Number of protein chains: 4
Amino acid sequence: MAVITADEYRERVARLTPRLFMGGKKVERLTEHPVTKGVIDATARVYELTADPQYADIMTAKSHLTGEPISRALHIHQCNKDLQKRLVMARLSSQKLGTCNYRCPGNEMLPSLAATTWEIDQDKGTEYHQRFNEYLKYAQENDLVVSGSVTDTKGDRSKRPLEQDPDAYVHVVEKRADGIVVKGAKQHATGAYAADETLVLPGMSCRTGEEDYALAFVIPNGAEGVTYVAQYNPFSVEREYAEDIQHIGNPIYGQRETCLIVFDNVFVPWDRVFMCGEVEYTQSFITRFAKTHRMNCGGACKVGFMDLIIGATQLVAEYNGLKNVSHIAQKVTRMIQLNDTSLGCAIAAAHLGKEEPAGSGVYMPDEAMSNIAKLNTNDGFWEVMRLAGDITGGVVVTSPSEKELDNPEIKDYMAKYLKAAAPADKRMRIMKFLQNWVAGLHGVGTYQGSGPSQNQMMVLYRITNLEEKKKMAEELANIKGCS
Amino acid sequence: MAVITADEYRERVARLTPRLFMGGKKVERLTEHPVTKGVIDATARVYELTADPQYADIMTAKSHLTGEPISRALHIHQCNKDLQKRLVMARLSSQKLGTCNYRCPGNEMLPSLAATTWEIDQDKGTEYHQRFNEYLKYAQENDLVVSGSVTDTKGDRSKRPLEQDPDAYVHVVEKRADGIVVKGAKQHATGAYAADETLVLPGMSCRTGEEDYALAFVIPNGAEGVTYVAQYNPFSVEREYAEDIQHIGNPIYGQRETCLIVFDNVFVPWDRVFMCGEVEYTQSFITRFAKTHRMNCGGACKVGFMDLIIGATQLVAEYNGLKNVSHIAQKVTRMIQLNDTSLGCAIAAAHLGKEEPAGSGVYMPDEAMSNIAKLNTNDGFWEVMRLAGDITGGVVVTSPSEKELDNPEIKDYMAKYLKAAAPADKRMRIMKFLQNWVAGLHGVGTYQGSGPSQNQMMVLYRITNLEEKKKMAEELANIKGCS
Amino acid sequence: MAVITADEYRERVARLTPRLFMGGKKVERLTEHPVTKGVIDATARVYELTADPQYADIMTAKSHLTGEPISRALHIHQCNKDLQKRLVMARLSSQKLGTCNYRCPGNEMLPSLAATTWEIDQDKGTEYHQRFNEYLKYAQENDLVVSGSVTDTKGDRSKRPLEQDPDAYVHVVEKRADGIVVKGAKQHATGAYAADETLVLPGMSCRTGEEDYALAFVIPNGAEGVTYVAQYNPFSVEREYAEDIQHIGNPIYGQRETCLIVFDNVFVPWDRVFMCGEVEYTQSFITRFAKTHRMNCGGACKVGFMDLIIGATQLVAEYNGLKNVSHIAQKVTRMIQLNDTSLGCAIAAAHLGKEEPAGSGVYMPDEAMSNIAKLNTNDGFWEVMRLAGDITGGVVVTSPSEKELDNPEIKDYMAKYLKAAAPADKRMRIMKFLQNWVAGLHGVGTYQGSGPSQNQMMVLYRITNLEEKKKMAEELANIKGCS
Amino acid sequence: MAVITADEYRERVARLTPRLFMGGKKVERLTEHPVTKGVIDATARVYELTADPQYADIMTAKSHLTGEPISRALHIHQCNKDLQKRLVMARLSSQKLGTCNYRCPGNEMLPSLAATTWEIDQDKGTEYHQRFNEYLKYAQENDLVVSGSVTDTKGDRSKRPLEQDPDAYVHVVEKRADGIVVKGAKQHATGAYAADETLVLPGMSCRTGEEDYALAFVIPNGAEGVTYVAQYNPFSVEREYAEDIQHIGNPIYGQRETCLIVFDNVFVPWDRVFMCGEVEYTQSFITRFAKTHRMNCGGACKVGFMDLIIGATQLVAEYNGLKNVSHIAQKVTRMIQLNDTSLGCAIAAAHLGKEEPAGSGVYMPDEAMSNIAKLNTNDGFWEVMRLAGDITGGVVVTSPSEKELDNPEIKDYMAKYLKAAAPADKRMRIMKFLQNWVAGLHGVGTYQGSGPSQNQMMVLYRITNLEEKKKMAEELANIKGCS
C-alpha cells in the first residue's frame, strides 16, 4: 500500500534510534522529547492531510514508475500541472502546520536527482538513473519520509575544499567494491533525525580536482557513523520546560527544527549512490534543486506562513476593537500584496516550467521566476513581520505568561486588564501565536531556506538575456544611424 | 479582409478630420503635425507587426463570432491561453514602440463589454449583447482602431455627480426614439483623436438616482459635437520644433499621447449604446475592465518599457567603460527583479483567470493578481527609473543637444569630450533615449494608466478572504480552547 | 551624597519586596531570580558608568535645584547642551548593556513634569511645581532609580474610558484630605519592579468629563495595593533554566524586562500628586514626554543597539572569512546609514530644542525632529535586523547549543565543524549574541518604546506648517496671476 | 561696497560675452535668450534676497579677511553657526527660486580651497593660501558670482588619465613664468556661462605620476580659449519657444542650467592658481568640497525643493476637493518625514562640524552626517516625486496647454471641464508647476548634484570606525571568555 496512515507513520518513527544530541544532552526517545515530538506531530499531520479525501488531488499523485497512487511528496513532476499542485500542497501544509512539513526538502531534491542522473547516464553510459528509480520506487512503496541536506559546514568561506580542512565539505574518503565511505558534515538539515531517509546533495559547484566532493547519495536514519546535533534556542527551551504546550506560540507543531549531521566515515552501498565524481554535473544538480526549492519555499511555503500572520494580525486588530481603522486596513492590504506577489511569481514559475533535460520526462520550474519568488519573499516576509509587529503593538513581546490566567492570586487582574474587545485568554493566545512569528526564528529562517538573496541575485543576473534588451533599445534609439 | 496592412491603415487615418486642438492651435492634418504623426506611425507599426508571420500567433486570433483571423486587439478572450497571449502581445508592442500601441485601451474594454452586456441581457431581457456583437463584428471585419475612454473630468472629487455641475461626469441629457444625446468630457483618452472609434465606459460605480450616468457607448472619430484637446508639455514642444526627430528621445514614436474629449450634446444611435441606466452593473463594467487593463498595463506594457530601460542602462554602462562593475551589476539585477515580478504576477493573473460570468464564454484574469501586477509596477517602475538615473548619471539631464555634433564650430569638441568607451554620437543618442524615460512623463503616466495605487489597494482589501486566514490562525493557536 | 556607587545601589535594591509574579509563580527575591537579577545587574552597571571619571561629563550633571553633582538620569535639561549630552548618555548605556538601562523612562518624564507642573501653576495658581521640585530634590539626593509608566491597558481601543470598564485607564476613585486613591493598570512598564520609584503619567489626552483620568503621580516600589506581573517569553525561560548564562544571547544583562502594574485602590499622598483633574494639560504632558522620549529612544538608545548589531555582524563576516566581500560591505554601509540617520535627526532635535514653556527653564527637543528620529528608527531597526540576518545566515537560528562544546561525546565534532576563519566557540558565541537581536524581542520592542509609527505620523502631520509650503509654491507658480 | 544690488548685478552680467552654444546655435546675448535669461533672473533674485533686511542674518556675513559685510555666498565658515546659517540660506534660496541659486557650487569650493591651500603651505612652504586670500578679497569686494566646476568628462571610466586621451581630465600642458596653460573639459558646470568667475577643482584623487592633473585654479568668464556648451532638453525647447513663460512649470527661473566647459589651451596666471602638482592633497581638496557640498545640496537645497513639491501637492489635493482624505494625509506626512530627515542629518553635520585642519580657522561639516544627508536625499527625493505624482494623478502629465484657456474656440470647455474645487486656471497652473518636478530633470539631477550614491556609500564605509563597534559587541558577548 503506497499511502500510509498517520498511525502507521507513528509506529514506524517510534522505532527509529538516531544518535541525537540537543541542548548538551542525548535525546533517548524521539517520541517523548517535547521538541522532537513536535516534529513527529507535524509530520503525522501531513500524513493525515494526505489521507483526507478532500485534499487527495493536492496531496497525492500517480507514480510515473508504478502507476500507483503515492504521496505527492515523493512524486517527480511530469507536467506543469504537477508543478502547480506542488505549490498548492506546500501552501496548504504551511497553513495547517505553521511550521515545516518535514517532507519538503527531500521532495525538492528528487526531481533534480531524476533529471540529472538521467542526463549523466545519457552522456556517460552510467547507471545512476536506474539506481535512482529503484530507490524511488522503494521510497514510494513504503511512503517514506525522505529528508535532504545540502549545505556543507564550509569552514573558511574564502577557501575551496582542498585549501583547508578537507572535511569542511562532505566527500568520499574511500571507494570500495560494495560502496563508498564518506566524511564531513551538513548543516540546516530540516527534521533529518526523525526522517526515514536523508538525501545528500553537493552544496557547491565542483571544479576539476574536486571529484571527491561531487557526490550524491542517500542514507537511512541512524546509519552507522552518523551523529545528529539539533538546533537549540530560546524556543527549544521554552518547549522543553513547558507544563502546557497550549501556552506556547505554535502549540502543537512548534518551530522548524533542524540539525547538524556529522558523517564520520559512513559507508554507503553503491545502489544508494547517485553521483560520484562527475564534477561537471554538480552545477546542474544544484541549480535544478535550487529552482524547485525556491519556487516552493519562497512562493508557497512562506506564503502559507504569511497567510497565518495576516490572519492572526487581523484577529488582534479586531480583538483590540480596531477592526475598521483606515491605516490598519492599509497595512493589512500591503501584507496581502507582498504575500500574493510571492505566490504570483511562483505560479508563473510553474506555468512557464519545461521538461528538462528534454526527453527526461522531468518538469522543472522557470528559473527566473522561481528565484524571483524567493527574492520577493526574502524581503517581503520581513516586511510582513514588521507590519504585524506594528499593528499588534508591544504586548506581543511584553505579555505575561498565559499561566497567570490560572494563577489564583492574580487571575482576576489578568482577566480584567488584558481583555479588550475580546476576553483576555483569546487575546493572550493569539498574541503568543504571533510572538512566534514576529519575535522568533522565522525571519532569518526565511533567508536560510533555499539560500540567501545574493545567490538569487547572482542567478538572475547570469540567466537574464541582457543582449536582447540592449538590442531593443538600440533599435528604437536608432544607434545604427550613428557613425 | 479582416487584417489590413499598415498602408491601408495609413490611407484610412488620412481621411479622419477630428476637431482637435493642441498647444493653443487647431491641428489641421493628423498626418502632418509632428506629434499626431508619431501616434500614426506607432499605430502603423502595430499593423506591421500584426501582418508579420513571425508574430502571427501573438498578434492575431480567430474571431469567435466569424471564425476569421482578426487582430488580437479586437479579440474577446475565450480561454486562459488567450489571456496569456494578450500579455505577450502587450509586451512585444511596448518593446517595439517604446510608447503606447494605441489599440490597447479599447481592447481591454471589449471583453468587459462582452461579459457585462451578456449578463444584463440574461438578467433583464435587454438586447445589449446582440448589439455589442454586431458592433464587434463590424470592428473586426474592418480591423478598426478602437480607442477607449473611462475617466471623467470629475470636478470636485468630494462630490457625487448630482451634487455639482452635472456635466462633471458624462451622462445622458436626452433619450430619443433613435438614440441618446450625451454630454460631459473624458480625460486621459489615449490616442483617441487618431482612432477610428472610441468606446465610452462609466468612470464610476453609480448608485440609484444616477441612472443617467450608467452609460456605455461607442462613437466614430469626429462625431458631431465632439472636440478633442490634446495634452501639451515640454516633450510636445520639443517634437513640434525638432528639425531632425533622430535627436529626440524616442525618435519615431514619441510619448504616449492623450487628450481630453468633450461631448457637447453628442447623438449616439441605439445600436451603439451598450448600457443605459442599469446602475447596478456599473461596478462590474468597471471591475472587469480594470482587472483586464491592470493585468496588461501593469504586467506587460510597462514590462516592455522596463525591458527598454534596462537594455539602455546596460548600454550606457558599457559605453562608459563600466561593464563589469559590481554595484552596477547589483542594481541592474534589482531592475530585472522588479520587471519580472510584475510580469510574474500578470502571468499568474492569466493562468488563474476564469470564464466570467459563467456561461458567457468570456475569460477574465484573476482580480487579485491583476491588481497586484499593477501595484508592483506602480512603485517598481519608479525604482527602475531611479536606478537607471543612478547608473547613467547626470549627463542624462545635462547633455547638450545632438545638433552640436553637426555644429562646425564645436563638433570636434563634442566628439572628443563626449566619447567614452564608445563614440560621442552613440553615447548621446542612448542618453537622449533614456532621458525620455527617466526625466519625462512615464513615471506619473504609470500611475495614471489603469488607475492609481489606492484603487488597487481598495480592490485588494475588498476581495481578499480575510475570514479564511483568520480561521487558519485561530485553528493553529487553538482559540477554541479559550473561554 | 548625591551620586551613589553600584554597591550602594545593590544594597538598597536587595531590600525591595514588590509583589511580583512571573511565569505563573511569585518571585520571592529580586536579587536571586535569573531574570530580575539581569535587571539589577544592568542597573548596577549604569551606576558604575556614572561613577567612572571618564564618563563624568556624560553621566552626571549639576542639579539646578541644589547645585550638587547628580546622575544625569535625574536631571532636568537646562539648555541645548543638556539635551545633546542626554543623547550621548543613552547611546553609551545601550552600547555597554545591550538592553535597557532602566533609568531612562522616568528620566524622560521628569522634564515633562517640570515643564507642565510649572505651566499649570502659572495658569491656575496650583502648587504642583513646588511639590514636584521637592520630590525631585529627594530623588536626586538619594540617587534613586525612578521608573515610569504611561500606557494604560486600554480595554476596547474604540471606546473612551467612560464608555467601558472604567478601570481600563488609571484613574482616581477617591479624593481624601491626605491624598488620592487610584485604580487601573499600566502595561509595558520597564524595570518598574526593581526601581525605587515609579512615575505614572496619563496615557491619553483627556477631555472634559474625564477629569478623574487627568492624573500624574509617583509611588514607591511595592506600595500597598500594587501588584507587578512580569513579561514572560522564550527568552525568559531560557534565562530561567540556563546553567551558564554565558551561553545566552546577551549573557549578563539580558532582554529589556517590562511588567504590568496593577493599582488596586492604591493611596497616594498629595505631595506625590503632580496633576489631578486638569484635563486641558494632559495633551502637553504627553507631548512633552513623547518628544523627549522619542529623541532618546529613537535617536540614541536604539542607535547604541544598532552599533552592537553592526559590530557583531562585521565580526561574523570576518569569522566566516568574508571580510572584504563587496555585497557585504555594501550592506554593512547601508546599516551604518540607517543608524546614523536616526542619530542625525536626534542631534538636530537637541540642537533645535527650546525652553518650553518660556520662563520655565526647562529645555525640550524639537518636536518634528524627535518624532522623525523615532520614525526612522522604527523601520530602520528592522532593516538593520534583516541585513544582519542576511549577512550572518541561517546558523543564527539553526545553531546547536554552546553546551555541546563541553559535551564529551561530540565536542570534537563541534570544534571541527563549526569553526570557520575563527574557532567554533567564538563563532557560536557571537551568533548567539546576534540571535538575541535578529530573532528576538527587539524588533517589536522598537515600535513599542515611545509608541508606534502612526502616533509619530499624526504628530508630524499636525505640527507641520503646510500653509507656509503652500504659499511658497503659490508664489513661484504665480497663482495670484490667475482669475 | 561689498554687497551689490540686483540692478548692479544685471548691469555687470549684461557685459559678459562668453562663447556659448545651445541647441546647435550660438547664444549672442545672455540677457535675451529665454533660457540664459532665466539663469540671470534667478541670480538677480538671490541678490535681492541678500539685500533684503529681513534676511540679512542669513544671506550676509562678516568677512574674516576685511571685517566688511559680504554675501554669505563668498564667506568662509568660521564656526558651527556659519555652517548652520549656510543651510538656512540654501533652503531659503531653493524655496524662493525653485531652481539653482547659481552662487552655490563656487561657495562650497571656497572653504575647501581655504583649508587645503593653508595646509599645503604649512607643509610645503608654498604661497597658495596667500594667493587664495587675495583672490577671495577681490571676489568679496566686488560681490562676484563665483561658479565652480569639478567633474571631468572622464572618457573611458575604466581607465586612468594617462591610459587614454590625456585631455579626458583637465590638466596642465605648459608651465610658464607667468602662469600655466590648461586643457580638457568639465561637465555639469552649473550656470558657469553667466558667472563672473569659475573655480576649477580636481575631479579625482590623483596618484604619483599624475601631477599635471593635480590642479586648482580660477578663470574669469569668457577667458580666451574657453567655450561653453549648454545643456539642451525638452524643457529648454519649451522655454525657447514659449509665448508666455507663465505657461511654463517654474515660470520665471526655470530649470537648473548647466554646461560643458571646454578649456582649449587656456592661460591662467599664477595668482589664480591654487594648486599645481601636489597630488597628495587632491584627496583632501575633493573630500572637503564634497562634504560641504553634500551637506548643503543634500540637506538644504533639495529640502527647499521638496518644500515646494509638498506645498504644491497639498494645493492640488485641496483644489481637487480632497483636503482631508486619510491616505493622502498619510502620504503627505511621509513626504514631510523624508524631507525633514535630510534636513536633520544636515543640521547634525553642521552641529558636529569642526575646524579643519586645526589652526586654519576654517570650519568643515561632519563627514558622515553630510554624506548621509545626501544619501537620504538621493532616494528620498525620488520617493517625494513619486508620492507627488501619485497624489496629483495623471493630469500632471496629460494636461493640455494653459494656452487653451485663451483659445476662443474652446476656452469655455477648458474652464468648465478642468475646474474642480478650484477654477481651471489655478489647477492647470499648479499642475504645470508640479510637472516641472515630477516629470522633469530634477530626479536625476538630485543624484548628479554632489555625486551619485555609490560615492557616499564608499566614503561612509571608509570613515566608519567598525573596529570600535566590533569591540562593543565582543565585550558584551564575552568573546574574551572563549579559547
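Is A:His188 buried or exposed? A:His188 is buried, with a relative accessible area of 13%, where buried means under 20% relative accessible area, exposed over 50%, and partly exposed in between (1.4 Å probe, protein chains only). The residue A:His188 sits in strand E7 (residues 179-190) of chain A, and its phi is near 55°, a positive value in a residue other than glycine.

The model is predicted: local features need pLDDT of at least 70, side-chain atom pairs count only at pLDDT 80 or more, and totals for chains, interfaces and linings use all residues. Residues are numbered from 1 along each chain as its sequence is written, chains are lettered from A and ligands numbered from 1 in the order in which they are written, and side-chain values use heavy atoms, with hydrogens and water left out.

Chain A contains 16 helices and 14 strands; helices (H or I, at least four residues) and strands (E, at least two) are DSSP runs, numbered from the N terminus. The radius of gyration of chain A is 24 Å, close to the 23 Å that the globule rule gives for 483 residues, so chain A is as compact as a globular protein of that length. This radius is taken over C-alpha atoms, and the globule rule is 2.2 Å times the number of residues to the power 0.38. Of the 483 residues of chain A, 71% count as buried. Among contacts in chain A with a separation of 6 or more, 77% come from residues 24 or more positions apart, contact meaning heavy atoms within 4.5 Å.

A second residue of chain A with positive phi is A:Asp143, whose phi is near 50° in a residue other than glycine. A:Asp143 lies in the loop between helix H6 (128-142) and strand E5 (146-149) and counts as buried, at 0% relative accessibility.

In chain C, C:His33 is placed in the loop between strand E2 (25-26) and helix H2 (34-51). C:His33 counts as buried at 15% relative accessibility. Leaving aside residues up to four places away in sequence, C:His33 touches C:Met22, C:Val27 and C:Glu240.

Cis peptide bonds were found in chains B and D. One joins B:Glu356 and B:Pro357, with omega about -10°; B:Pro357 lies in the loop between strand E13 (354-355) and strand E14 (363-364) of chain B. Another joins D:Glu356 and D:Pro357, with omega about -5°, and D:Pro357 is in the loop between strand E13 (354-355) and strand E14 (363-364) of chain D.
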